Amino acid sequence: MTRLGLWATGFALTLGLFAGPSRLAAQCTASGAPASCGLSGSVSMTAGRVVRLQVSAGSTPLTAPLPADFDAGFNSTTGPTLTVSANAAWTLHLRASSALWTATNTSPGAPARTTKPAADLKWSTASNGAFAALTTGDVTLVTGSATASNATTLYFQTLYNWTLDTPGNYSLSIVLTLTSP
């Protein structure tokens with residue numbers, strides 16, 4: 001190794017000592033018995049927004065319609081309980097994932113209605129409250145402030161029409177979105 005190489009290596013090692021891990025910012029020494037030594041210090045952290053949505057059931061079987069439900073135009077089903085935990089203000093949104101229900105035929109000669117609109121499912125946060133038709137656009141289901149546990153039960157009304165709602169298996173996916181602005 002040349003003299004220049006040795007000098008460069010020594011300089012780099014010396015620079016590493018000064019640029020390396022910092023030395024202790026404080027020291028404490030005690031002797032004798034009993035010996036005690038204390039230093040004050042601090043810690044810091046950054047807590048970001050944290051939100052959690054828990055749903056009591058991943059799917060809800062809607063109540064099968066009876067003749068009286070067709071006469072009334074609807075029947076009701078109690079849906080899942082939605083529990084929000086958040087360390088800041090939050091909003092829970094609801095929407096249908098598609099404009100139409102998925103329909104599967106169950107009776108020969110009577111095809112299932114493939115044009116049943118998402119609006120044929122209405123929702124509310126009160127069993128005897130006002131019900132709103134489900135849409136494909138986000139609507140506000142419930143809002144709140146920081147909370148350890150805010151539970152809301154979802155209620156459904158399914159609309160029925162004697163001439164339109166033919167036999168079949170029907171399903172509709174619902175999207176819940178929890179946000180914290």
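This is a predicted model: local features need pLDDT of at least 70, side-chain atom pairs count only at pLDDT 80 or more; totals for chains, interfaces and linings use all residues.

Tutor: Residues are numbered from 1 along each chain as its sequence is written, and side-chain values use heavy atoms, with hydrogens and water left out.

Student: In what order do the elements of the protein chain run from the N terminus?

Tutor: Helices (H or I, at least four residues) and strands (E, at least two) are DSSP runs, numbered from the N terminus. The protein chain has two helices and ten strands. Their order is α-β-α-β-β-β-β-β-β-β-β-β.

Student: What share of the contacts with a separation of 6 or more joins residues 24 or more positions apart?

Tutor: Contact means heavy atoms within 4.5 Å. Among contacts in the protein chain with a separation of 6 or more, the share from residues 24 or more positions apart is 75%.

Student: Is L92 buried or exposed?

Tutor: L92 sits in strand β3 (residues 90-96). Beyond residues up to four places away in sequence, L92 touches ten-apart L82, as well as others including L53, V139 and L176. Buried means under 20% relative accessible area, exposed over 50%, and partly exposed in between (1.4 Å probe, protein chains only). The relative accessible area of L92 is 0%, so L92 is buried.

Student: Which backbone oxygen does the side chain of S85 reach?

Tutor: S85 belongs to strand β2 (residues 74-86) and is buried, because its relative accessible area is 11%. Leaving aside neighbours within four places in sequence, S85 is in contact with residues including V50, T147 and S149. At 2.6 Å, the side chain of S85 reaches the backbone oxygen of A148.

Student: How far apart are the sulfur atoms of C28 and C37?

Tutor: A disulfide is a pair of cysteine sulfur atoms within 2.5 Å, and the structure holds one. C28 counts as partly exposed at 34% relative accessibility, and C37 counts as partly exposed at 35%. The two residues form a disulfide, and the distance between their sulfur atoms is 0.9 Å.

Student: What is the omega of the peptide bond from A33 to P34?

Tutor: Most peptide bonds are trans. P34 lies in the loop between α1 (3-19) and β1 (51-55). The bond from A33 to P34 is cis, with omega near -5 degrees.

Student: How many charged residues are in the lining of the largest pocket?

Tutor: A pocket is an open set of points on a 1 Å grid over the protein atoms alone, where a 1.4 Å probe fits, with protein on both sides within 12 Å along at least five of seven lines; lining residues have an atom within 4 Å of a point. The largest pocket is lined by 17 residues, with G58, S59, T60, L172 and I174 nearest its centre. Ala, Val, Leu, Ile, Met, Phe, Trp, Tyr, Cys and Pro count as nonpolar, Asp, Glu, Lys and Arg as charged, and the others, Gly among them, as polar. By class, the lining has 13 nonpolar and four polar residues, and the number of charged residues is none.

Student: What is the volume of the second largest pocket?

Tutor: A volume is the space filled by probe spheres set on the grid points, which are joined across faces, edges and corners. Of the 15 residues lining the second largest pocket, P65, Y160, G168, N169 and Y170 are the closest to its centre. Its volume is about 260 Å³.

Note on methods
A polar contact is a pair of N or O atoms within 3.5 Å; within protein, one must be able to donate a hydrogen and the other to accept it, and residues adjacent in sequence count only if both atoms are side-chain atoms.
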